[in-house]
Amino acid sequence: MKKALFFTGLLVFTISIALAQTGVKKRRPLPFEYGRVVINNYSETSHISPVVFDHWLHRAKFTCRICHVDIGFAMQTEVTDIRAADNINGYYCGTCHNGKDTFSSCKNDFTPKDSATCDRCHSLGKKIVKKYDFREFVKDWPRERLGNGVDWEKTEEQGLITPVDFIEGVSIKREKLADQADFELGAKVEGMPDILFSHRKHTIWNGCELCHPEIFIGIKKGITKYSMVDIYDGKYCGVCHKSVAFPLLDCQRCHTEEVR
Amino acid sequence: MRNIVRFTFISLLFLYFSHGNFIVDTLGSAYAQQDWKQEYADVCAKTQNAMTLSSAELKNHIERCDNLQERINELNGSQGKTEKKVYTKRLKMCRDLYDFALKYKEEK
């Protein structure tokens, strides 16, 4: 009888261990890691470390549209399918990293002497001292609680950054964007303040085609129904606000209206 | 002096008849290459104001995007392969926005 009890107990214990979740809680990224993207389309198969891309450095210098519309980087990691040849041909990273505007990305005539340059991007798993130190770079900028810990909007308003919105030979000469009106979006949960959506700010940084219709497909306001579950799943606002723009935990940044 | 001019003229004539097609083709393909990029820049320059375009203008832009995509699909070689990938994505965003604006207007 004791033996049977022992084995039943052992069986229950083994099954519960087997079925236990191995941990789904993710570590929240540190400010300098927030928005970091690892690109490994072909790196490891080419026996080189994957690329570690820091969004903070690039967003301080360029609008979202320059990279995601004019240069053509997809909004999801690794979907762009960047090859070294593309960079060498002067596209994607090679648009700016061409050896003239800034250090060159990828070369046909690679020599071991170039490895330090390669390591500037292909740095996953390596102890690389980056040229720009995050803390030093952002030390005088307005602070925010979450994400990078930087209030990017205020930083731009105060003239501490001036993101480039046109690259000669890459960007199209577009007509001036008409000022877009901000609008309210009702919260779905009772007691939760409504959202005042800053359409104006979003269009200045993104243009129109970055969001419509790829991210927001509905042609009329209110047609596309989405919830915070969808957003946390990386859809709609979550395309950017889950990983690069201020994070979803910062409820008050969007839910700003008074509770009715 | 006259002899030099005569010699240059005859040389040019010879060059034209022997390599004329090659020269014309090379210049033509270089022009064609720039031509599709210019068409892209022209057709996608209105994305900022897509909502203010008329339905007819939007339809015209969508058709031009579709025609341009066919030309982009023909690009080949290492440079062409890259350009095909980059411009297919860029053109799609622009075309889809015009289509989005057109549907909005038709719904209205």
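Trainee: Which residues in α2(B) meet α3(B)?
Mentor: Keep in mind that this is a predicted model. On the α3(B) side, the partners include B:Tyr87, B:Leu91, B:Cys94, B:Tyr98 and B:Leu102. The residues in α2(B) that meet them and the rest of that side are B:Ser55, B:Leu58, B:Lys59, B:His61, B:Ile62, B:Cys65, B:Leu68, B:Gln69, B:Ile72 and B:Asn73.

Trainee: Are α2(B) and α3(B) roughly parallel or roughly antiparallel?
Mentor: Start with the axes, which are 9 Å apart and at an angle of about 160°. Angles over 145 degrees count as roughly antiparallel. That makes the pairing of α2(B) with α3(B) roughly antiparallel.

Trainee: What pattern does chain B follow along its sequence?
Mentor: Count the elements: chain B has three helices and zero strands. Read in order, that gives α-α-α.

Trainee: How much of chain B is buried?
Mentor: A residue needs 20 or more other C-beta atoms within 10 Å to count as buried. Chain B has 108 residues, and the buried part of them comes to 23%.

Trainee: Which element gives the most to the largest nonpolar core?
Mentor: That core has 37 residues, and B:Leu91, B:Cys94, B:Leu97, B:Tyr98 and B:Ala101 touch the most other members. Elements from both chains supply at least two residues each: β2 (51–53) and α3 (64–71) of chain A, plus α1 (2–43), α2 (55–73) and α3 (77–107) of chain B. With ten residues, the element that gives the most is α3(B).

Trainee: Which chain A residue is B:Cys94 in contact with, beyond its sequence neighbours?
Mentor: B:Cys94 is one of the core members that touch the most others. Leaving out residues within four places in sequence, its contacts include B:Cys44, B:Thr47 and B:Cys65. From chain A, B:Cys94 contacts A:Glu209.

Trainee: How many residues does each chain bring to the contact between A and B?
Mentor: On the side of chain A that touches chain B, there are nine nonpolar, four polar and eight charged residues. As for the count from each chain, chain A brings 21 residues and chain B brings 22 residues.

Trainee: Is B:Asn67 buried or partly exposed?
Mentor: B:Asn67 lies in helix α2 of chain B. The cut-off for buried is 20 or more other C-beta atoms within 10 Å, and 12 or fewer would be exposed. B:Asn67 has 13 such atoms within 10 Å, so it counts as partly exposed.

Trainee: Moving to chain A, which peptide bond is cis?
Mentor: Look at the loop between α8 (199–206) and α9 (228–232) of chain A, where A:Pro213 lies. Omega is near 0° there, and the cis bond runs from A:His212 to A:Pro213.

Trainee: A:Glu78 has a positive phi; what value is it near?
Mentor: A:Glu78 sits in the loop between α3 and α4 (84–88) of chain A. This residue is partly exposed, with 13 C-beta neighbours inside 10 Å. It isn't a glycine, yet its phi is near 70°.

Trainee: Is A:Cys106 buried or exposed?
Mentor: A:Cys106 is another non-glycine residue with positive phi, near 65°. You'll find A:Cys106 in the loop between α4 and α5 (115–119) of chain A. It has 23 other C-beta atoms within 10 Å, so A:Cys106 is buried.

Trainee: How far is A:Gly90 from A:Ser105, C-alpha to C-alpha?
Mentor: A:Gly90 is also found in the loop between α4 and α5 of chain A. Beyond four places in sequence, A:Gly90 touches A:Thr95 and A:Asn98. A:Ser105 is 15 residues away along the chain, and the C-alpha separation is 9.2 Å.

Trainee: Last one: how far apart in space are A:Lys242 and A:Gly35?
Mentor: A:Lys242 is found in the segment after α10 (238–241) of chain A. Its contacts beyond four places in sequence are A:Tyr232, A:Gly234 and A:Leu248. A:Gly35 is 207 residues away in sequence, while the C-alpha to C-alpha distance is 8.9 Å.

Technical notes:
Residues numbered from 1 in each chain as written. Chains lettered and ligands numbered in written order. Predicted model: local features only at pLDDT ≥ 70, side-chain atom pairs only at ≥ 80, totals over all residues. Contact = placed C-beta atoms within 7 Å. Nonpolar A, V, L, I, M, F, W, Y, C, P; charged D, E, K, R; others polar. Core = buried A, V, L, I, M, F, W, Y, C linked by C-beta atoms within 7 Å. Helix = DSSP H or I, 4+ residues; strand = E, 2+ residues; numbered from the N terminus. Axes fitted to C-alpha atoms, helices over the stretch in contact; angles between N-to-C directions. Parallel < 35°, antiparallel > 145°, perpendicular 65-115°, else oblique.
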